[in-house]
Amino acid sequence: MAEPKAFFLSTPIYYVNDAPHIGHAYTTTAGDVATRWRRQRGEEVWFLTGVDEHGTKVQRAAEKGGVSPQEWVDRLVAQSWLPVLETIDAANDDFIRTTEPRHRDRVQLFWQRVKDNGYVYSAEYEGPYCVGCEEFKLAGDLAEGEGEFAEQLVCPVHGRPAEQLQETNWFFQLSVFADRLLQHYEAHPEAIQPRSAYNEVMSFVRQGLVDISMSRSSVSWGIPLAWDAQQVTYVWFDALLNYATAVGYGAEPGTADAERFARVWPPDVNLVGKDILRFHAVYWPAMLMAAGLEPPRKVFAHGWLLVGGEKMSKSKLTGIAPEQIIDTFGSDAFRYYFLRAIQFGQDGSFSWEDMHARYTAELANGLGNLASRGTAMVVRYRDGELPAGHDLTDAERQIVDSLARTVSVADPAFCELDFSTGIVAVKEFIDLVNLYVTEQEPWVLAKDEAQSARLDVVLATICESLRAIAVLYNPLMPKAMSSLWEQLGAQAQLGPRAEQRIVDVASWGQLPAGTRITKGDSLFPRIEEA
Ligand code: MSP
């Protein structure tokens, strides 16, 4: 039997005109949690991220910085974009840069094929172009300006007028794909999520599509066309292809790259912010259709992190660097907070107060307290040796049943990128176990020799619950769960936590009697409000 296809998830590739802010880290974190969850289920996974290095925006940033574009991107990638992956604890399988030869060669090959298939022609373009979006704007895309731009039409995302362009360049015959896209999406409504994004794309495509310029003659920082060295590939039509070039599109048959492509294609999820939905749900699948490749199975558009009601952005000086938060709260809390507090797909605001309040209530007092109480009591009352927990009463059976229900909610939720539902399901289980501890009062049982067997059951129940929590939260908070796994002595008994499968997590009684429990550092130390 053929092996199942690997689960392939990508983040957008980020512009390296500037350093990352938490809006960028948000997309990568979501992708990382989703793919770690899949790995925890035992699936083969390919998690791709990277950077978008070409185009006018990057070229101008380099000019302003007084260096060549290549020097600019090399420096920013090394100093900011690669380190941020460590800061947020991302476990990506690959990192693509669009200046790499593997990308350049395959982009040239791709467009040559699309041209050979008859979908590329030369024509004159005249119209507005927003450098912030790197996008040719259509009449309906622009809005009335305000303040210094009053009475002008501006880009609604960047609040600035678009530049008027006039060029002879090569066009991609997007218009001929409108019907095929509509048919594809009618047959696969799950292919664009959330539903609001699906509706937006369908109404855009139903209005009919116009052909779009796929090259630029007035830009030099890009990938030259294979058949016309005077023109570079339009930056979006270079960037979108990273999802294919990075996994081996166009590689020689029989090579490792070609095998990779066969294992992962098509993408299971192209994760994007809602601002770049049209590129991913209209242009991208049309390009693939033109080249005879299968389109992505799902494009998921998440919302924006807002500051003062507007999209956080460096150009508006509202960007917060991920390390500003992580230095105080740690990467686990960062990952937890953004996926827990904001329904994935909707916009959300960040505030220190909210972050601090949730950290204290849910991580320090909730999970952290349960872990430290549970391990400390085994150390204190049983010299660190996990007792056997026979004779479960209704109170324990309630915990066992609740764990099974938790998994049955969390698993589909994480698979569907509904992170907050998955996280809350586990959190409610933690709350239930904390309540169980309070009600069972093991510290009272410990004073009565006659209650020794009962105390054993309670301690075993707490530790077994912690074992399950460590597995379920491992994709979300790998550092803290590593520490918890160690404190539970689980590594020696059950093996690495990454190898614990979601499908088995609810089977009760895995941590055997006699396991050495230790009391380690607090998982989520209390933090004074700044
Ligand atoms: N380079 C293009 C993407 C090419 S993908 C083939 C690009 N880069 S970007 O750096 O501007 O944005 C990358 C991602 O970061 C997008 O998904 C975008 O939505 C996300 N975010 C940027 N600012 C954001 C917020 N304030 N909030 C949430 N996500 C945001 O577009």
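Predicted model: local features only at pLDDT ≥ 70, side-chain atom pairs only at ≥ 80, totals over all residues.
Local features were considered at pLDDT of at least 70 and side-chain atom pairs only at pLDDT 80 or more, whereas totals for chains, interfaces and linings use all residues. Residues are numbered from 1 along each chain as its sequence is written, and side-chain values use heavy atoms, with hydrogens and water left out.

Nonpolar cores were defined as sets of buried Ala, Val, Leu, Ile, Met, Phe, Trp, Tyr and Cys residues joined through side-chain atoms within 4.5 Å. Residues count as buried under 20% relative accessible area, as exposed over 50% and as partly exposed in between (1.4 Å probe, protein chains only). The largest such core holds 100 residues, of which F338, F419 and Y473 touch the most other members. Helix α17 (residues 452–472) supplies the largest share of this core, with 11 residues. Helices are DSSP runs of H or I with at least four residues, numbered from the N terminus. With residues up to four places away in sequence not counted, F419 touches A30, V33, A34, L339, F344 and F414, contact being defined as heavy atoms within 4.5 Å. A second, separate core comprises 71 residues, including L209, Y249, F279 and A281. In soluble globular proteins, nonpolar side chains tend to be buried together.

Helix α17 also contains E464. This glutamate is buried, with a relative accessible area of 3%. Apart from residues up to four places away in sequence, E464 touches S507, W508, G509, Q510 and L511.

W508 is also among the contacts of L392, together with R397, V400 and V457, when neighbours within four places in sequence are left aside. L392 lies in the loop between α13 and α14 (394–415) and is partly exposed, at 27% relative accessibility. Although L392 and V457 are 65 residues apart along the chain, their C-alpha atoms are separated by 7.0 Å.

Two packed helices are described by the angle between their axes and the distance between the axes. Axes are lines fitted to C-alpha atoms, for helices over the stretch in contact, with angles from 0 to 180 degrees between N-to-C directions. The axes of α5 (residues 178–187) and α6 (residues 195–206) come within 10 Å and cross at roughly 150 degrees. These two helices are therefore roughly antiparallel to each other; angles over 145 degrees fall in this class, those under 35 count as roughly parallel, 65 to 115 as roughly perpendicular and the rest as oblique. At the contact, A178, L181, L182, Y185 and E186 of α5 meet Y198, V201, M202, V205 and R206 of α6. By class, these residues are 8 nonpolar, no polar and 2 charged, where Ala, Val, Leu, Ile, Met, Phe, Trp, Tyr, Cys and Pro count as nonpolar, Asp, Glu, Lys and Arg as charged, and the others, Gly among them, as polar.

For α12 (residues 331–341) and α13 (residues 352–382), the axes come within 11 Å and cross at roughly 100 degrees. Helix α12 is thus roughly perpendicular to α13. Their contact brings A333, F334, Y336, Y337, R340 and A341 of α12 to D354, M355, R358, Y359, E362 and L363 of α13, with 8 nonpolar, no polar and 4 charged residues.

R75, in helix α3 (residues 69–87), is partly exposed at a relative accessible area of 38%. Its contacts beyond four places in sequence are V67 and S80. R75 and L367 are 292 residues apart in sequence and 40 Å apart in space, C-alpha to C-alpha.
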